[in-house]
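Here is a short briefing on one protein chain. Look over the sequence and model first, then read the points by topic.

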Amino acid sequence: QKWYALIMKIPCQKLNLVGRGMVDVINIKLPPEQIQSLIDNKHYFSAYHMNKKYWLTVLLDQNTDMSQLKTLIQTSYHLVEK
């Protein structure tokens, strides 16, 4: 099975975020150079539970840029479908 995006709920601490609760995230496959340019450790993180070279973790909350997220998911899909 090919994965191009994986949504999950993880503890805040896994992303070094303050709090004891759980957060929703999505892991997206992207070109390595794009991943490095996006990581800000606030909304975009080195991949949780995936290969950090090819995957990015995006925090899903009220501040998520949905337009950019759609573009990233489309890029991920095209990388995996090849």
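The model is predicted. The backbone oxygen of Tyr-48 sits 2.8 Å from a polar side-chain atom of Asn-27. Asn-27 belongs to strand β2, which spans residues 22–29.

- Asn-27 is buried, because its relative accessible area of 0% falls under the 20% cut-off.

**Nonpolar cores**
- In soluble globular proteins, nonpolar side chains tend to be buried together.
- The largest nonpolar core has 11 residues in all. Among them are Ala-5, Ile-26, Ile-28, Leu-30, Ile-35 and Leu-38. Tyr-44, Leu-56, Val-58, Leu-69 and Leu-72 also belong to this core.
- Two or more residues of this core come from each of β2, α1 (32–38), β4 (55–60) and α2 (66–81).
- Tyr-44, a member of the largest core, touches Leu-38, Ile-39, Leu-56, Thr-57, Val-58, Gln-68 and Leu-72. That list leaves out residues up to four places away in sequence.

**Sheet and helix**
- The open sheet has 4 strands, in the order β1-β2-β4-β3, with antiparallel pairing.
- β1 (5–11) and β3 (44–46) are the edge strands, and each pairs on one side only.
- From one strand to the next, the twist averages 35°.
- β3 and β4 run antiparallel and are joined by 3 bridges.
- Phe-45 stands opposite Thr-57 in β4.
- α2 lies across β1, β2, β3 and β4. Its direction is at about 45° to β2.

**Confidence**
- The chain has a mean pLDDT of 91. A value of 70 or more is reached by 96% of its residues.
- Confidence is lowest in β1, at a mean of 89. It is highest in β4, at 96.

Key:
Residues are numbered from 1 along each chain as its sequence is written. This is a predicted model: local features need pLDDT of at least 70, side-chain atom pairs count only at pLDDT 80 or more; totals for chains, interfaces and linings use all residues. Side-chain values use heavy atoms; hydrogens and water are left out. Buried means under 20% relative accessible area, exposed over 50%, partly exposed in between (1.4 Å probe, protein chains only). A polar contact is a pair of N or O atoms within 3.5 Å; within protein, one must be able to donate a hydrogen and the other to accept it, and residues adjacent in sequence count only if both atoms are side-chain atoms. A nonpolar core is a set of buried Ala, Val, Leu, Ile, Met, Phe, Trp, Tyr and Cys residues joined through side-chain atoms within 4.5 Å. Contact means heavy atoms within 4.5 Å. Two strands pair if DSSP finds at least two bridges between them. Axes are lines fitted to C-alpha atoms, for helices over the stretch in contact, and angles run from 0 to 180 degrees between N-to-C directions. pLDDT is the predictor's confidence in each residue, from 0 to 100.
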